Amino acid sequence: MVTAVDAAAIATPVTPRRGGLWRYILIRLLLILPTVFILVTVVFFLMRITGDPITAALGGRLPADQLAERIAAAGYDRPLIIQYLEYLGGVFRGDFGTTLTDNRPVIGILVQYGAATLELAFYALIVAFLIGIPFGLIAAYRRDRWQDAVLRIGAILGYATPIFFVGLLLKLVFSIWLGVLPVAGRAGTRTELKLQSLDAPTGIYLIDALRLGDGAAIGDVLTHAILPGLALGILTAGIFLRLVRTNVIGTLGAQYVTSARSRGVREFRLVTKHAYRPALIPIITVIGLQIALLLSGAVLTESTFEWKGIGFMLSEYLKARDFVAVQGIVVMIAVVVALTNFVVDVIAALIDPRVRY
């Protein structure tokens, strides 16, 4: 028996809470601070496990008295908690320290080489979308058939194969055997000189080449970007393919799709029109996580193709055991990932209101 209270509850529509979006954005924004704080703390103490950075970088190259003098001058002989608090204050002021091997501000390295890594991540995302989304739709359309099985195996291989192996394989096939693509670098020497002649270059070669209006330079930049973009993009493409396939298949069981099917709408149109857009929402929500994956993969990709970005410099400083530089670069990457996740969460909340609650 339905009481009057139950009837009133049924009749009253459920309305979203006011300010839900802004409350969600504020909470996500405030969560960035403890996230960055924890990351900075973990990185700092992990870097100190092997001792002070100067001994790690220059130990065995300098006499003991000179080494002790440098340690004292840098303040690494003080209590660890004092060093930590001082470093934490510097990070909040935008000071990530000075490298030990070449005496450069870490923030300057991030500014100089960050554009190259950003450009590579952009190319990789394009590759991931061009491969992952169409093939994910095909796998959903041909589900449980041989095409679906082949594509799923390809997706698993895509994100399970080490990036450096994919990069070396691509170089062997397209640069060594076929000789159709450059083996390494971001551009040819002539193009590099042209780009350096620009006033206030952005560091993103494609934008700078477009500013020049030089078709040969644009072609050269894009040609050099194909293999690194493929090597890094294939990793994310496999994840996108499986996400699209799973979500499209799930959406095909929705009531509105079933109604469209009963009206005689073809299965291909159901997949590409009705089930496609809702399936993209989960992809948007995981893009932030994929940015972290791309940045970690950029270290190996940039080293393989001598693409001089943050990842390449990080590997160089690791080999030099310059832990001040490594610490600063890792912390900055962590900050970028945290901010990217915040932006992606906001976009997902704008697209799908259910995310806010």
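Which residue forms a salt bridge with Asp148, and how far apart are the closest N and O atoms? The partner is Arg245, and the closest N and O atoms are 2.7 Å apart. The model discussed here is predicted.

**Salt bridges**

- Arg245 and Asp148 are both buried.
- A network of salt bridges joins Arg152 to this pair, so that the linked residues are Asp148, Arg152 and Arg245.
- Glu119 and Arg186 form a salt bridge through their side chains, at 2.7 Å from N to O.
- This pair also links distant parts of the chain, 67 residues apart: Glu119 lies in helix α6 (residues 106–141), and Arg186 in the loop between α8 and α9 (189–196).
- Both Glu119 and Arg186 are buried.
- Lys319 and Glu316 meet in a salt bridge of 3.0 Å, N to O.
- Because Lys319 and Glu316 are three residues apart in helix α15 (residues 310–319), about one helical turn separates them.
- Lys319 is exposed, at 63% relative accessible area, while Glu316 is partly exposed, at 31%.

**Charges over rings**

- Arg186, the salt-bridge partner of Glu119, also has its charged end over the ring of Tyr205, 3.7 Å from the ring centre.
- Lys171 lies over the face of Phe305, and the distance to the ring centre is 5.6 Å.

- Phe44 and Phe45 make an edge-to-face pair, with 5.2 Å between the centres and 85° between the planes.
- The angle of 85° counts as edge-to-face because it is over 60 degrees.
- Phe44 is buried, with 0% relative accessibility, whereas Phe45 is partly exposed, with 31% relative accessible area.
- Ring pairs join Phe44 and Phe45 with Tyr84 and Tyr87 in a cluster.
- Two members of this cluster, Phe44 and Tyr87, are touched by Gln327, which also touches Val43, Met47 and Arg48, leaving aside residues up to four places away in sequence.
- Gln327 is part of helix α16 (residues 323–351).
- At 3% relative accessibility Gln327 is buried, because the value is under 20%.

**Nonpolar surface patch**

- Helix α8 (residues 163–177) contributes the most to the patch, with seven residues.

- Ile226 is partly exposed, at 38% relative accessibility.
- Ile226 and Pro182 are separated by 44 residues in sequence and by 9.0 Å in space, from C-alpha to C-alpha.

Notes: Residues numbered from 1 in each chain as written. Predicted model: local features only at pLDDT ≥ 70, side-chain atom pairs only at ≥ 80, totals over all residues. Heavy atoms only, no water. Phe/Tyr/Trp six-rings, centres within 6.5 Å; stacked < 30°, edge-to-face > 60°. Buried < 20%, exposed > 50% of the residue type's maximum accessible area, 1.4 Å probe, protein only. Lys NZ or Arg CZ within 6 Å of the ring centre and 35° of its normal. Helix = DSSP H or I, 4+ residues; strand = E, 2+ residues; numbered from the N terminus. Contact = heavy atoms within 4.5 Å. Salt bridge = Lys/Arg side-chain N within 4 Å of Asp/Glu carboxyl O.
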